[in-house]
Amino acid sequence: MSRATAASISRAALRHNLAELRRRAPDSRVMAVVKADAYGHGLERVATTLRDADAFGVAALSDAERIRAAGLDNRIVLLSGFDEPADLPMLRRLKLDAVVHCDEQLRMLELDAELPGADPLCLWVKLDTGMNRLGFRPERAAELRQRLRGLPNVHADIQWMSHLARSDEFGAPNTPEQLAAFDAVLRDIDGDRSLANSSAVLGWPASHRDWIRPGGALYGMSVVDGKTGADFGLVPVMSLHTRLIAVKDVRVGDRIGYGGDHVCARDGCIGIATIGYGDGYPRLAPAGTPVLVDGKPSRIVGRVSMDLMAVDLEACPDARVGSPVLLWGPGLPIETIASAAGTISYELACGITRRVRFIDAE
Ligand SMILES: Cc1ncc(COP(=O)(O)O)c(C=O)c1O
């Protein structure tokens, strides 16, 4: 029998989340962010399910190639733009939009403009309004526009974007400050605007503008402290599940797993679930982290190992070899596990490894 560990991906949940984000930002178009293999959910299955999105946002040319190979002709935006001149013919062949965030890219475009017959590229200029990651200083907006407008290989309609550093902190002043910095330099400049990642869509309506760029929320995940995707009307897309492959009696004083950290306080029963950090479940999830066995609340005992973990069966007296174990998904928020492991939901979803079987669910 094949290993029971599997990630079920709900197409209905993806569609629901896209609809919910559209409901929250009715005047904006949606650039569905599907980088990092659609946050670990599988790029082709997510992109084909979200084919109604107005555009896809990707981090790598290879992602865009995969979307085109899946037969989709949606607009695709390469979020960190091109790295070398040889990327430009690829952008044209794949009909991609590119983000331009640095002077090296401008110079590549200027050299490209000298080549005969270079079709105009559709560009999104990225302004750094406070994230201090990618982007030009905002005060350069007018100069950049003039320079790009002078290039025959650049489409006349230029889009403007920025990325928000703390949109998940709904009370913090940073987001309004970033919005103000963006608006100040673009007052007299036309072109579509885009700022809002998932948290901004959920908590900062003033940031929605022409295009929202949600990633995590499409998959039902939240990075707002103390909140789950469900708190915002989102539905989890990934369920990570497996089965028990052993059920064992334990006696008071028995030690469980590597290091023997967990000492049984009473006689009882534990189950051994076939999942571990080799599947992407976080090793740092401590004893006590919740799981559902046969749909009933249980918890990890001892350390998570590469292929296995032990779970307490005190509250699950009917559990048997073969009983289903849910690690995260509906009824057990991924955010709860992420917080127990000292990380965020996105990292967990992105970290599922190749030996986990993916199941397309409706
Ligand atoms: C430029 C850009 N836009 C949008 C997103 C989507 O962010 P989130 O997944 O929080 O919605 C990301 C992700 O990091 C990004 O880098």
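## Ligand surroundings

By class, the shell around the ligand comprises four nonpolar, six polar and one charged residues. Here Ala, Val, Leu, Ile, Met, Phe, Trp, Tyr, Cys and Pro count as nonpolar, Asp, Glu, Lys and Arg as charged, and the others, Gly among them, as polar. The structure is a predicted model, in which local features need pLDDT of at least 70, side-chain atom pairs count only at pLDDT 80 or more, and totals for chains, interfaces and linings use all residues. Residues are numbered from 1 along each chain as its sequence is written.

The residues around the ligand are Val33, Gly57, Leu79, His163, Asn197, Ser198, Arg213, Pro214, Gly215, Gly216 and Ala217. A residue is placed in this shell if its C-beta atom, placed from the backbone, lies within 6 Å of the molecule.

## Domain arrangement

The chain is divided into domain 1 (11-225) and domain 2 (238-361), with bounds that come from an automatic or database domain assignment. Their C-alpha centres lie 37 Å apart. Twelve residues from domain 1 and 13 residues from domain 2 take part in the contact, where two residues are in contact if their C-beta atoms, placed from the backbone, lie within 7 Å.

On the side of domain 1 that touches domain 2, the largest share, three residues, comes from helix α2 (residues 35-40). Helices (H or I, at least four residues) and strands (E, at least two) are DSSP runs, numbered from the N terminus. This side of domain 1 has five nonpolar, five polar and two charged residues.

## Nonpolar core

The largest nonpolar core has 98 residues, of which Leu78 and Val311 touch the most other members. Both domain 1 (11-225) and domain 2 (238-361) give residues to this core, so it lies between them. Such a core is a set of buried Ala, Val, Leu, Ile, Met, Phe, Trp, Tyr and Cys residues joined through C-beta atoms within 7 Å.

Leaving aside neighbours within four places in sequence, Leu78 is in contact with Val58, Leu61, Ala64, Leu91, Leu96, Asp97, Ala98 and Val99.

## Positive phi angles

Asp37, in helix α2, has a positive phi of about 55° although it is not a glycine. Asp37 is partly exposed, with 16 other C-beta atoms within 10 Å. A residue is buried if 20 or more other C-beta atoms, placed from the backbone, lie within 10 Å of its own, exposed if 12 or fewer, and partly exposed in between.

Arg209, also a residue other than glycine, has a positive phi near 50°. Arg209 lies in the loop between α9 (198-203) and β9 (211-212) and is buried, with 21 other C-beta atoms within 10 Å.
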